[in-house]
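Thanks, everyone, for making the time.

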Amino acid sequence: FSFATHQIRQPLAYLRLGLEGLLTHKQDLDPNQREIMEELLQVTLKSAKFVKELLDMARLEQGRIDLVMAPVDMRLVLEEVGRELGHFATSQNVSLQVFPHGIPDAPHVIRADAERLKDVFRNLITNAISYNRPTGTVSIDVFCVAVSEAAQGAAELHGSEDFQSYFAPFIAAGSGTAPFVIVTVTDTGMGIPVRDQPLIFRSFFRAGNGQKKGLQGTGLGLSIV
């Protein structure tokens with residue numbers, strides 16, 4: 001399976017490069033040709049994303065995800081992903097705001113795999129844009145707080161029991177005042193029905209309200225997250 005997805009990725013990559021190259025030569029394309037090329041590019045990008053997700057899922061199931069651990073500044077990760085998705089947000093008539101409550105005045109460094117973290121936030125932010133409403137907003141913030149504050153915030157925001165209990169071992173270990181990095185991705189979209197929330201991390205699952213509105217997706221993004 002992994003071999004097959006690798007074989008599919010290569011021609012899609014060549015196709016993407018070719019289409020992007022053609023689109024850069026504006027004077028050589030009439031409006032009709034440009035529209036067709038842009039549509040083909042969008043289909044190619046979606047197909048490439050789906051193949052990548054399938055490959056990631058195969059690796060996860062086989063326990064073959066290698067993490068390259070190093071100090072990572074969460075501010076820089078979120079800024080980079082925000083820049084990447086800026087054009088997509090604009091095309092969906094959604095305002096993407098990175099650090100609307102102010103740019104952190106100090107690095108928020110954790111030990112992690114930067115590229116895998118970017119994959120996580122690409123998925124979350126893409127969903128927040130895709131399932132938003134026209135003229136809606138997506139806000140991305142990062143905070144450094146004590147674990148006890150994080151746990152209290154989770155309770156106040158009606159986080160799931162699993163999410164709240166996540167903090168319990170840290171507090172029990174006496175690290176309730178240690179710094180803890182929290183990233184929030186907030187949107188003004190349709191939300192997820194309560195009955196669907198326990199299922200959103202299952203492979204190929206998609207919430208019913210998104211499907212009813214005809215929004216396309218693979219149902220793999222959150223399971224990879």
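Confidence in this chain is highest in strand β2 (residues 95-98), at a mean of 96, and lowest in helix α8 (residues 208-212), at 61, where pLDDT is the predictor's confidence in each residue, from 0 to 100. Helices here are DSSP runs of H or I with at least four residues, strands are runs of E with at least two, and both are numbered from the N terminus. Over the chain the mean pLDDT is 80, with 84% of residues reaching 70 or more. Where pLDDT is low, the predicted coordinates should not be read in detail.

This is a predicted model, so local features need pLDDT of at least 70 and side-chain atom pairs count only at pLDDT 80 or more, while totals for chains, interfaces and linings use all residues. Residues are numbered from 1 along each chain as its sequence is written, and side-chain values use heavy atoms, with hydrogens and water left out.

Buried means under 20% relative accessible area, exposed over 50%, and partly exposed in between, with a 1.4 Å probe and protein chains only.

Now the charged pairs. A salt bridge is a side-chain nitrogen of Lys or Arg within 4 Å of a carboxyl oxygen of Asp or Glu, and by this rule there are six. One of them pairs Arg122 with Glu84, the closest N and O atoms being 2.7 Å apart; because Arg122 lies in helix α4 and Glu84 in helix α3, the pair ties together parts that are 38 residues apart in sequence. Arg122 is partly exposed, at 24% relative accessibility, and Glu84 is also partly exposed, at 37%.

Within α4, Arg116 and Asp119 sit three residues apart, about one turn of the helix, and their side chains meet in a salt bridge at 3.7 Å, N to O. Arg116 is partly exposed, at 24%, whereas Asp119 counts as buried, at 17%. Through shared partners, salt bridges join Glu84, Arg116, Asp119 and Arg122 into one network.
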